[in-house]
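Student: I have a structure to go through for class. Can we look at it together?

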Amino acid sequence: MIEEIGKIEVRNLGIEDYQGLKESMMLAYGDMTENYWLRSEIRNLLKLFPEGQIAVTVDGKIAGCALSIIVNYSHFGDSHTYGQITGNETFSTHTSRGDVLYGIEVFISPEYRGLRLGRRLYDTRKELCENLNLKAIVFGGRIPEYHTYSEEMTPREYIKKVRTRELNDATLTFQLANDFHAKKVLKGYMPGDTESKDYAVLLQWDNIYYEKTPSKISASKTIVRLGLVQWQMRNYSGLEELFDHITFFVDAVAGYQSDFALFPEFFNAPLMAGYNHLSEADAIRKLAGYTEEIRDRFLQLAVSYNVNIITGSMPFLTENDTLLNVGYLCRRNGTWDSFEKIHITPNEKKFWGVQGGNQVRVFDTDCGRIGVLICYDVEFPELPRIMAEQGMNILFVPFLTDTQNGYSRVRYCARARAIENECYVAIAGSVGNLPRVENMDIQYAQSVVFTPCDFSFPANGIKAEATPNTEMMLVADVDIDLLRELHTYGDVRNLNDRRTDVYELKCKVASCRRES
């Protein structure tokens with residue numbers, strides 16, 4: 001049979017297809033030969049909602065169909081019958097102002113089963129649901145094999161065994177395999193369905209692209225452009241010369257219409273050259289005196305160049321004389337937030353006396369939710385996971401490493417974070433030498449944008465990478481919609497498949513929260 005098939009087509013149903021639809025439906029329902037739609041009912045459906053009536057043809061012959069209406073689901077809720085939801089098959093419940101695509105029929109003629117035509121119909125329905133910006137597809141699914149087991153188990157037990165593949169129900173197994181989830185057992189959904197013992201399973205597929213209100217100018221972007229600054233360490237005469245170079249890169253990044261500019265950790269370290277006569281601990285405290293002015297200047301650049309800037313990091317001295325490693329998110333709308341390095345390296349503690357912060361948070365931007373971790377922090381998988389649980393799409397990692405060993409730790413941990421948290425990770429570091437600054441002699445870096453590893457992303461999980469140890473700018477686009485698809489339809493689903501019944505991750509401080 002398969003060898004004889006020439007053309008398969010999925011298209012909208014027309015009234016001229018009625019006779020073929022009737023014949024296929026009678027074959028599909030076997031002994032229930034009187035169970036077919038009347039021409040007047042199909043005509044009514046086509047008048048009310050033509051795009052919702054879908055046929056699949058094989059060499060021009062109707063092989064199956066999917067019929068649907070749009071309903072305001074809150075008017076019915078999860079406890080309803082087929083008669084109620086369809087207006088006793090008058091379809092008076094259909095409304096173009098509804099929020100759910102409700103399936104009222106799907107069948108494939110027996111001679112064409114095994115060709116995955118049902119999947120084509122379901123995929124077309126999903127595409128329609130997305131295009132119409134509806135919340136979900138819902139329908140009451142038959143469980144035609146249940147009568148065989150009705151003396152042994154309840155419908156709930158039966159559904160559970162079908163879900164875990166202990167039992168096979170051709171209809172329900174197919175629906176679950178097509179990403180529908182069971183919400184409720186419906187008693188008396190379609191009276192007369194003896195095979196299902198008058199039971200049905202309320203099934204739902206959620207549209208992850210659904211937006212409650214139409215898109216507005218202020219809505220988050222789906223394609224986000226990242227600009228990573230691979231910064232050359234060099235001696236500066238002072239803050240003004242430093243900002244000449246900062247402005248150059250911000251201008252260049254903004255010239256490519258980037259949404260974010262990322263600077264490295266301790267990019268302003270050259271300013272310590274003027275304090276080389278002091279101890280390392282005293283010199284970095286002098287450097288901390290520039291931090292707030294640098295933040296304010298970055299904020300001015302963010303607004304004037306229309307780009308969100310992640311300032312890398314700088315030393316910051318608190319009121320109680322605690323030295324932290326902090327950075328700032330300077331938004332192009334004129335607001336800013338700070339982030340702190342949580343894990344401090346042994347050298348930072350030994351030479352500078354830096355202490356770890358305790359803020360673990362994500363930030364809302366006009367491009368969606370982001371997180372920032374400074375260098376060593378990305379080597380601790382707990383922090384990005386907490387951020388991922390709060391909806392982070394992009395993780396920015398400003399870093400500073402002196403050797404390839406140190407760089408490799410940051411690189412490969414960042415790459416792992418992108419995979420396990422299903423997000424993008426952008427890392428940016430400094431290159432070059434600082435012979436006049438103690439404890440900052442050499443730097444090694446290669447800035448990269450990492451992606452998850454799935455079919456919609458690069459096979460090696462690398463969106464773009466800079467030339468190693470060369471001052472330059474890296475610009476790359478990332479697609480947030482691809483992350484949404486990955487969360488729901490990925491080949492593997494790291495976030496969704498976590499065994500929270502076996503283990504959990506808990507943040508112990510109040511600052512571990514989403515910043516609104």
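Tutor: What follows covers a helix pair and some aromatic rings in this predicted model.

Student: At what angle do helix H4 and helix H6 pack?

Tutor: Helix H4 (residues 117–131) and helix H6 (residues 170–177) pack at about 45 degrees, and their axes are 11 Å apart. Angles from 65 to 115 degrees count as roughly perpendicular and those under 35 as roughly parallel; H4 and H6 are therefore oblique to each other.

Student: Is the crossing left-handed or right-handed?

Tutor: H4 passes H6 in a right-handed crossing.

Student: And which residues meet there?

Tutor: From H4, Gly118, Arg119 and Tyr122 meet Phe174, Gln175 and Ala177 of H6. By class, that contact has three nonpolar, two polar and one charged residues.

Student: New topic. How many aromatic pairs are there?

Tutor: The count comes to 25 aromatic pairs. In one of them, the rings of Trp231 and Phe267 have centres 5.8 Å apart and planes at 85 degrees; planes over 60 degrees apart count as edge-to-face, so this pair is edge-to-face.

Student: Where in the chain are those two?

Tutor: Trp231 is in strand E8, and Phe267 is in the loop between strand E9 and helix H8, 36 residues apart.

Student: Buried or exposed?

Tutor: Trp231 and Phe267 are both buried.

Student: What about Phe248 and Phe249?

Tutor: Their ring centres are 5.2 Å apart with planes at 70 degrees, so that pair is edge-to-face. Phe248 is exposed, at 53% relative accessible area, whereas Phe249 is buried, at 5%.

Student: Which cluster do the ring pairs make?

Tutor: Ring pairs link Trp231, Tyr236, Phe243, Phe248, Phe249, Phe263, Phe267 and Phe298 into a cluster.

Definitions and conventions. Residues are numbered from 1 along each chain as its sequence is written. This is a predicted model: local features need pLDDT of at least 70, side-chain atom pairs count only at pLDDT 80 or more; totals for chains, interfaces and linings use all residues. Side-chain values use heavy atoms; hydrogens and water are left out. Axes are lines fitted to C-alpha atoms, for helices over the stretch in contact, and angles run from 0 to 180 degrees between N-to-C directions. Helices (H or I, at least four residues) and strands (E, at least two) are DSSP runs, numbered from the N terminus. Angles under 35 degrees count as roughly parallel, over 145 as roughly antiparallel, 65 to 115 as roughly perpendicular and the rest as oblique. A crossing is left-handed if the near helix is turned anticlockwise from the far one by less than a right angle, and right-handed if clockwise. Contact means heavy atoms within 4.5 Å. Ala, Val, Leu, Ile, Met, Phe, Trp, Tyr, Cys and Pro count as nonpolar, Asp, Glu, Lys and Arg as charged, and the others, Gly among them, as polar. Rings of Phe, Tyr and Trp (its six-membered ring) pair if their centres lie within 6.5 Å; planes under 30 degrees apart count as stacked, over 60 as edge-to-face and the rest as tilted. Buried means under 20% relative accessible area, exposed over 50%, partly exposed in between (1.4 Å probe, protein chains only).
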